[in-house]
Amino acid sequence: GGYSQAAISSLWGLAALVEMPSMALAGAAADAVGRAPLLAAGAGGLALVFVGYLLLLPVLPALGGAQVLRGLAYGSYTANAMTFTTESAAHDRRGSVSGVFAAVSSAGQLAGTLAGGFIVQAVGFGPLFALGALGAAAAAMCFWQLRGRTSEPRFAG
């Protein structure tokens with residue numbers, strides 16, 4: 001895109017600004033609709049964000065919209081992922097399951113950072129964003145399949 005460091009920092013700041021209230025809203029919404037549908041929505045939203053990065057790179061205001069969607073999607077995931085994981089485990093295993101979740105998440109972030117760097121160096125950002133979109137879309141489908149099986153809404157009417 002050729003944007004300045006200040007523009008890029010502002011875009012990431014915008015996403016971060018949206019994440020916190022999004023986490024609060026997603027946590028509350030999970031009580032009504034369940035965690036799996038919100039995880040599916042978050043992953044689907046991230047797939048759209050990656051597609052947005054691919055298509056909207058030349059249009060800075062549109063990238064702002066993609067970053068707002070990123071904040072909403074990531075907030076939906078962040079607010080529900082650990083809770084979904086622990087609620088899906090037997091009560092006496094929740095501590096160990098949350099530890100495994102944290103370890104796997106950290107390992108995935110490290111592997112993604114390393115692989116992403118290699119992919120960008122080899123073929124550029126476009127294929128990396130396309131892989132991100134495909135991975136997020138696959139995650140959305142997996143979470144959608146889990147709805148109703150685990151982590152039911154607490155206050156379903």
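Predicted model: local features only at pLDDT ≥ 70, side-chain atom pairs only at ≥ 80, totals over all residues.
Reader: At what angle do α2 and α3 pack?
Author: Residues are numbered from 1 along each chain as its sequence is written, and side-chain values use heavy atoms, leaving out hydrogens and water. Axes are lines fitted to C-alpha atoms, for helices over the stretch in contact, with angles from 0 to 180 degrees between N-to-C directions. For α2 and α3 the axes lie 7 Å apart, and the angle is about 150 degrees.

Reader: Is α2 roughly parallel or antiparallel to α3?
Author: Angles under 35 degrees count as roughly parallel, over 145 as roughly antiparallel, 65 to 115 as roughly perpendicular and the rest as oblique. The pair packs at about 150 degrees. That makes α2, relative to α3, roughly antiparallel.

Reader: Is the crossing of α2 and α3 left-handed or right-handed?
Author: A crossing is left-handed if the near helix is turned anticlockwise from the far one by less than a right angle, and right-handed if clockwise. For α2 and α3, the crossing is left-handed.

Reader: How far apart are the axes of α2 and α5?
Author: These two helices pack at an angle of about 165 degrees. They are therefore roughly antiparallel to each other, and their crossing is left-handed. The distance between their axes is 7 Å.

Reader: How many nonpolar residues are in the contact of α2 with α5?
Author: Contact means heavy atoms within 4.5 Å. Among the residues making it are A43, F50 and L54 of α2 and F129, A136 and W144 of α5. By class (Ala, Val, Leu, Ile, Met, Phe, Trp, Tyr, Cys and Pro are nonpolar; Asp, Glu, Lys and Arg charged; the others, Gly among them, polar), three are polar and none is charged. The nonpolar count is 21.

Reader: How far apart are the axes of α1 and α2?
Author: Helices are DSSP runs of H or I, at least four residues, numbered from the N terminus. Here α1 covers residues 5–33 and α2 covers residues 35–56, packed at about 155 degrees, which makes α1 roughly antiparallel to α2. Their axes are separated by 9 Å.

Reader: Which residues in α2 meet α1?
Author: α1 passes α2 in a right-handed crossing. On the α1 side you'll find W12, A26, G27, A29, A30, D31 and V33. Their partners in α2 are R35, P37, L38 and Y53.

Reader: Which helix supplies the largest share of the lining of the largest pocket?
Author: The lining has 26 residues, with F50, Y74, G108, Q109 and G112 nearest the pocket's centre. They divide into 16 nonpolar, nine polar and one charged. At least two residues come from each of α2, α3 (60–87), α4 (94–123) and α5 (125–146). The largest share, 11 residues, is from α4.

Methods:
1 Å grid on protein atoms, 1.4 Å probe; cavity = no way out; pocket = protein on both sides within 12 Å on 5 of 7 lines; lining within 4 Å.
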